[in-house]
Amino acid sequence: MPYDRPTVAFVGTGVMGASMARHLLEAGFPLVVYNRTRAKAEALIAAGARWADSAGEAASMADMTITMVGYPHDVEEVYLASRGIIERAPAGALLIDMTTSTPSLAVRIAQAAAARGLSALDAPVSGGDVGARNATLTIMVGGDEAAFERALPLFEVMGKTITRMGGPGAGQHAKMANQIGIAGTMLGLVEALQYAKAAGLDLARVHAALSGGGANSWSWGAYGPRILAGDFEPGFFVKHFVKDLRIALEEARALGLDLPGLELAERLYSLLQDSGGAELGTQALWLLYERGLQGAASEPAGS
Ligand code: NAP
């Protein structure tokens, strides 16, 4: 084990976090892990990570703490609760939240961290489960330059395109721009294939041919084959995409922006979530169209 590597605590070893933590372990970073459900950390423990009994305990054992949990309320709990990460991290520690969360919470965490002599970054990612497995994530970072430079060796183990966007919260704003883009490409993917199917075309041939054309996108390449194979497992949970679309809508409204495409995506994905699709992958939007939209596209959310 190299001696120059700081000890890293990793909190949240789900679909994304398990792969990201594994890359850090394989790169020689001494690793401490904590996850709400211990079973999802067992493979990392078997590979050499140490287990901690809480997020706060994990942070107390490390120079740097990374979190990759689910929702903003999870982020708030692991950082700001009594005996949480902010309270228990050693002075000088660097805290990096890679969850997709709200810009305002990132600012609150950065302020609470600074008040205790800690540094904090928001660093959400894009690239999906495949990007996490292949260490090719796009990482969008908010926080000060010195903290960013300190975190860079960790980011380089997990991702390929790593960009500091500005101060605290700027990483989350960039991630919202990313999710607004994905909202459009997911609708485009599903509607293009729905049209091809209705026209009696061979979907596999259409998908392959259009992959070389203007309809291609990251969503087209990552999720088209899963739709064709009838694979609706996550990937990227519908429930998390709904969370992201709602954060994006709220932030857009706060900026005085009207984004009707984003509103439509939020309505359709909410419908999918509320009709039993929450735990499926985002490509399951296909199933909503297969069932018939029943006016969903023109009715207000919640109707
Ligand atoms: P996930 O599989 O649900 O992983 C989240 C993990 O965090 C779960 O294992 C969960 O524990 C754990 N967790 C939640 N709250 C916790 C707490 N308070 N203390 C300790 N552990 C806690 O979800 P994911 O797909 O990895 O996504 C994680 C985040 O990345 C989400 O914000 C998502 O929007 C974002 N994201 C996902 C993708 C993707 O393609 N999957 C891509 C980019 C960004 P349990 O095991 O008990 O549930």
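Reader: Why does Glu42 count as partly exposed?

Author: The model is a predicted one. In it, Glu42 has a relative accessibility of 36%. Partly exposed covers the range between under 20% for buried and over 50% for exposed, so Glu42 counts as partly exposed at 36%.

Reader: What makes the pair of Glu42 and Arg38 a salt bridge?

Author: The closest N and O atoms of Glu42 and Arg38 are 3.0 Å apart. The criterion asks for a side-chain nitrogen of Lys or Arg within 4 Å of a carboxyl oxygen of Asp or Glu, and therefore the pair, at 3.0 Å, is called a salt bridge. Arg38 is partly exposed, with a relative accessible area of 37%. The structure holds 11 salt bridges.

Reader: What does the salt bridge of Glu290 and Lys197 tie together?

Author: The side chains of Glu290 and Lys197 meet at 2.8 Å, N to O. Glu290 belongs to helix 14 (residues 285-291) and Lys197 to helix 9 (residues 170-198), so this pair ties together parts that are 93 residues apart in sequence. Glu290 is partly exposed at 38% relative accessible area, and Lys197 is partly exposed at 40%. Elsewhere, salt bridges with shared partners join Asp129, Arg133 and Arg226 into one network.

Reader: Why is helix 4 called roughly parallel to helix 6?

Author: Helix 4 (residues 72-80) and helix 6 (residues 103-115) pack at an angle of about 5°, and their axes are 11 Å apart. Angles under 35 degrees count as roughly parallel, and therefore helix 4 is described as roughly parallel to helix 6. On the side of helix 4 the contact is made by Pro72, Val75, Glu76, Tyr79 and Leu80, and on the side of helix 6 by Leu105, Arg108, Ile109 and Ala112. These residues divide into seven nonpolar, no polar and two charged.

Reader: Which residues touch the most other members of the largest nonpolar core?

Author: That core has 58 residues, and Phe10, Met20, Leu24, Leu95, Ile96, Met98 and Phe155 touch the most other members. Helix 8 (residues 145-158) supplies the largest share, eight residues. Not counting residues up to four places away in sequence, Leu95 touches Tyr79, Ile85 and Leu118, among others. A second, separate core of 32 residues includes Leu203, Ile247, Leu268 and Ala284.

Reader: What makes Gln273 buried?

Author: Gln273, found in helix 13 (residues 260-277), has a relative accessible area of 19%. The cut-off is under 20%, so Gln273 is classed as buried. Leaving aside neighbours within four places in sequence, Gln273 is in contact with Val238, Lys239, Val242, Arg246 and Ala278.

Key. Residues numbered from 1 in each chain as written. Predicted model: local features only at pLDDT ≥ 70, side-chain atom pairs only at ≥ 80, totals over all residues. Heavy atoms only, no water. Buried < 20%, exposed > 50% of the residue type's maximum accessible area, 1.4 Å probe, protein only. Helix = DSSP H or I, 4+ residues; strand = E, 2+ residues; numbered from the N terminus. Axes fitted to C-alpha atoms, helices over the stretch in contact; angles between N-to-C directions. Parallel < 35°, antiparallel > 145°, perpendicular 65-115°, else oblique. Contact = heavy atoms within 4.5 Å. Nonpolar A, V, L, I, M, F, W, Y, C, P; charged D, E, K, R; others polar. Core = buried A, V, L, I, M, F, W, Y, C linked by side-chain atoms within 4.5 Å.
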